[in-house]
Amino acid sequence: MVIQPKSASVDLRFLEYFFRGPVDIASAVTGAAQPQITQTSLKPIQVPLPPLEEQKRIVAKLDQAFAALDRARAHAEANLADANSLFDSWIDTAFRFGIAEWPTKRLPEICENLDRRRVPITKADRLQGDVPYYGATGVVDYVAEHIFDEDLLLVSEDGANLLARTYPIAFSISGRAWVNNHA
């Protein structure tokens with residue numbers, strides 16, 4: 001949709017914020033296979049229209065609030081990057097200390113691989129419950145049954161996260177759980 005106000009009494013940014021916020025856009029969505037918004041489905045939408053000066057005041061307040069949120073997000077992201085860097089440094093230091101003196105073992109010598117027990121369940125076949133259903137990056141759903149009831153380490157087997165490292169590629173779980181074929 002391309003929308004342009006018909007008169008100067010409607011602030012375009014006010015309309016933008018209206019569509020980003022309180023409008024019930026779901027009521028304008030049509031089509032089952034390909035959801036869409038049409039001119040016809042938008043016609044019934046009621047837009048609250050205060051005087052132009054009030055629209056501009058609202059836009060200025062929202063611009064100010066979103067700018068503050070952007071600054072807060074940037075600070076939070078910088079803090080998270082610093083924390084991740086510190087964490088990586090501590091891990092590196094912890095494993096470097098004494099590494100020359102420590103004996104080394106191959107993974108199969110110290111761990112058992114339980115891949116054969118993992119079972120994927122399509123969303124349609126899952127019975128909802130309170131048992132965590134784990135995928136490559138953590139809990140993806142909750143199911144009624146479990147296939148594990150012990151302390152385990154799950155390691156991501158596939159997916160973009162192996163390269164992006166947005167989430168940890170290894171995480172510990174404990175207790176009843178269902179693990180799919182991605183961990």
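A: Strand β6 (residues 152-155) pairs with β7 in the antiparallel sense, over 4 bridges. Strands here are DSSP runs of E with at least two residues, helices are runs of H or I with at least four, and both are numbered from the N terminus. Two strands pair if DSSP finds at least two bridges between them. One of the bridges links valine 155 to alanine 170 in β7.

This is a predicted model, in which local features need pLDDT of at least 70 and side-chain atom pairs count only at pLDDT 80 or more, while totals for chains, interfaces and linings use all residues. Residues are numbered from 1 along each chain as its sequence is written, and side-chain values use heavy atoms, with hydrogens and water left out.

Stay with β7 (residues 170-173). Its side chains alternate. Phe171 and Ile173 point to one face and are buried. Buried means under 20% relative accessible area, exposed means over 50%, and partly exposed lies in between (1.4 Å probe, protein chains only).

Step back to the loop between α5 (161-164) and β7, where threonine 166 sits. Threonine 166 counts as exposed because its relative accessibility is 58%. Threonine 137 is 29 residues away from threonine 166 in sequence, yet their C-alpha atoms are 9.1 Å apart.

Now the open sheet. Its 4 strands follow the order β4-β3-β8-β5, with mixed pairing. β4 (138-143) and β5 (148-149) stand at the edges, each with a single partner strand, so one side of each has no neighbour in the sheet. Strands β3 (residues 128-135) and β8 (residues 176-179) run parallel and are joined by 2 bridges. Tyrosine 133 has tryptophan 178 in β8 as its bridge partner.

Last, a pair of helices. The axes of α1 (residues 12-20) and α3 (residues 52-96) come within 9 Å and cross at roughly 60°. Axes are lines fitted to C-alpha atoms, for helices over the stretch in contact, and angles run from 0 to 180 degrees between N-to-C directions. α1 and α3 are therefore oblique to each other. Angles under 35 degrees count as roughly parallel, over 145 as roughly antiparallel, 65 to 115 as roughly perpendicular and the rest as oblique. Contact means heavy atoms within 4.5 Å. On α1, the contact is made by Arg13, Phe14, Tyr17 and Arg20. On α3, the residues include Ile58, Leu62 and Phe66.
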